Amino acid sequence: MIPLPLARIAEITSGTLSGMADPRAVVRGPVVIDSRAVEPGSLFVAFAGARVDGHDFAAQAVRAGAVAVLATRPVDAPAVIVEDAAAALAVLASAQVAALPRTTVIGVTGSAGKTTTKDLLARLTARMGPTVAPVGSFNNELGHPLTVLRADQDTRFMVLELAARNIGHIKELTRIAPPRIGVVLNVGTAHLGVFGGKEAIAKAKGELVEALSGEGVAVLNADDPLVREMASRTEARVTFYGRGEDAAIRADDVTMDERGRASFTLRTPSGDAPVTLQLYGGHSVDNALAAAAAAYELGLPVATIADELSQATPASRWRMEVSERADGVTVINDAYNANPDSMRAAFETFAVLGQGRRRFAVIAALRELGEEATALNRELGVLAGGAGLTGLVVAGPDAEPVLEGAHEAARAAQAPPGGPPGETATRIVHVPDAAAAAAELGGWLRPGDAVLIKGPRAMGLERTAELVLGGAPQ
């Protein structure tokens with residue numbers, strides 16, 4: 001971050017110094033909310049959570065090198081006392097952005113693919129100058145300002161991921177770091193129950209393009225009608241990307257290899273270039289196009305864009321993360337999160353990647369789907385039960401609709417290849433949690449099998465992947 005004395009931090013946040021804090025002591029960063037992440041020169045922000053109160057770790061944070069604590073009550077350490085720690089964090093981040101006029105802020109939002117697109121775009125902008133981007137999915141009211149505060153006078157680009165849990169959330173995030181370029185990927189069914197419908201989701205996602213000035217650029221997915229309509233909601237110049245002829249940045253001649261990785265011709269108004277992705281799944285083409293369109297608007301040459309996209313590997317954990325055990329079992333860990341759209345994409349990729357092999361999947365009931373939860377989870381079961389799997393494990397609570405759909409589809413499907421003699425449908429089992437899912441798979445897997453693991457964040461199915469990968473014969 002830009003170095004700031006405590007007196008200036010107190011002024012920006014409307015706070016008061018406490019605990020014999022030296023007003024001249026300088027915070028050089030990073031700003032952290034986990035006392036274990038403190039480094040010399042840090043500012044530790046104390047939050048009172050449901051299970052842990054950061055204020056209890058104030059003294060420990062200062063002993064570890066923190067200059068002071070941003071707190072909502074006096075602590076046994078030098079501190080800046082504020083009324084609301086989250087609001088103070090946002091104000092501090094906003095002040096930092098205002099002090100960086102040479103830094104271009106790029107915002108990325110959408111129902112699916114935000115993190116992958118952000119990672120690709122950050123790789124592209126890094127070719128043009130120092131870039132700050134969130135680690136993983138630091139995309140909410142805390143992660144967003146914490147990412148912004150990592151920037152300094154050398155930072156040329158900030159590539160930020162913006163999530164919305166309700167109307168107005170993205171608008172608030174754009175106030176912290178006003179974007180010059182806004183990228184909207186899609187409007188899907190993630191958090192459908194929270195918003196109440198796809199139109200409301202589109203309204204929330206569109207807050208990103210509404211925040212752009214007339215000098216900015218809105219990068220919109222031409223293949224998604226609800227995203228395309230956002231062109232009327234911004235004063236900024238609009239550029240479209242997609243698969244159709246009317247998209248300025250598009251993919252032609254898309255092919256998939258035997259591992260489910262796409263190759264295509266990247267077409268732009270100033271030339272074309274071949275791209276061969278190392279990322280898995282056809283949906284990765286759309287994420288790559290979005291990143292390419294934003295980088296093109298920034299002036300990066302088409303050949304450079306194509307080269308960087310072709311070299312990119314997954315940068316964030318548990319997103320189509322493909323690993324192989326010593327016995328040849330392939331594990332696809334896509335457990336970071338799930339919604340109906342990403343589930344379909346994952347099974348499409350798995351059908352290619354696991355072709356000719358016994359395939360197994362671990363899934364869990366989707367959440368935050370509101371009144372449509374039963375119907376959409378039943379559709380998930382139909383999708384999985386009809387996918388030609390040898391075995392399906394459904395983990396966790398609220399699994400009845402998934403199981404019902406899976407059994408119905410499995411009864412109608414042909415027996416999967418490689419199954420036991422007399423088997424007429426996918427083997428379907430319900431287990432209570434991630435560990436039980438791994439234990440169940442342990443009795444099924446044989447050398448050369450393939451496993452897909454995907455579910456909502458709350459289920460923690462990455463633990464299943466860890467256990468299965470650790471279960472290879474020695």
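**Entry 1. Domains**

I looked up the distance between domain 2 and domain 3: their centres, taken over C-alpha atoms, lie 29 Å apart. The contact (heavy atoms within 4.5 Å) takes 19 residues from domain 2 and 16 residues from domain 3. The two domains bury about 1,300 Å² between them, with 55% of it on carbon and sulfur atoms. Buried area here is the accessible area, with a 1.4 Å probe, that two parts lose on being put together, summed over both.

I noted the bounds as domain 1 (4-82), domain 2 (100-311) and domain 3 (321-414 + 425-469); such bounds come from an automatic or database domain assignment.

The model is predicted: local features need pLDDT of at least 70 and side-chain atom pairs count only at pLDDT 80 or more, while totals for chains, interfaces and linings use all residues. Residues are numbered from 1 along each chain as its sequence is written, and side-chain values use heavy atoms, with hydrogens and water left out.

**Entry 2. The five-stranded sheet**

I traced an open sheet of five strands in the order S2-S7-S6-S5-S4, with mixed pairing. Strand S2 (16-18) and strand S4 (31-32) are at the edges with a single partner strand each, so one side of each has no neighbour in the sheet. Helix H1 (residues 6-13) packs on this sheet and touches S2, strand S5 (43-45), S6 and S7. The direction of H1 makes about 15° with that of S7; axes are lines fitted to C-alpha atoms, for helices over the stretch in contact, and angles run from 0 to 180 degrees between N-to-C directions.

Helices (H or I, at least four residues) and strands (E, at least two) are DSSP runs, numbered from the N terminus. Two strands pair if DSSP finds at least two bridges between them. Strand S6 (residues 68-71) and strand S7 (residues 79-81) run parallel and are joined by three bridges. I found Ala79 in S7 as the bridge partner of Val69.

I checked strand S10 (residues 157-161) for burial: five of its five residues are buried. Buried means under 20% relative accessible area, exposed over 50%, and partly exposed in between (1.4 Å probe, protein chains only). Phe157, Val159 and Glu161 point one way from S10, and Met158 and Leu160 point the other way.

For pairing, I counted five bridges between strand S8 (residues 104-109) and S10, which run parallel. Glu161 in S10 is the bridge partner of Val108. Strand S9 (residues 131-132) also pairs with S10 in the parallel sense, over two bridges, and Val132 stands opposite Met158.

Helix H4 (residues 114-125) has twelve residues and spans 16 Å from its first C-alpha to its last, close to the 16 Å expected. The expected span is 1.5 Å times one less than the number of residues. Ten of the twelve residues are buried, so H4 is largely enclosed by the rest of the structure. Among the buried residues are Lys114, Asp119, Leu120 and Leu124. Their cover includes S8, S9, S10, strand S16 (271-280), helix H11 (283-297) and helix H12 (302-311).

I traced a second open sheet, of six strands, in the order S17-S18-S22-S19-S20-S21, with mixed pairing. The twist averages 15° from one strand to the next. S19 and S20 run parallel, joined by five bridges; Ala364 has Ala395 in S20 as its bridge partner.

Helix H13 (residues 340-353) lies across S17, strand S18 (330-333), S19 and strand S22 (450-453), at about 165° to S19. Helix H15 lies across S19, S20 and S21, at about 170° to S21.

H15 (residues 400-412) has 13 residues and reaches 19 Å from first C-alpha to last, close to the 18 Å expected. Its buried residues are Pro401, Val402, Leu403, Gly405, Ala406, Ala409 and Ala410. What covers them includes strand S19 (359-364), helix H14 (373-385), strand S20 (391-395) and strand S21 (427-431).

**Entry 3. Pro432**

I located Pro432 in the loop between S21 and helix H16 (434-442). Pro432 counts as exposed because its relative accessibility is 59%. The C-alpha atoms of Pro432 and Ala399 are separated by 9.6 Å, and the two residues are 33 apart along the chain.
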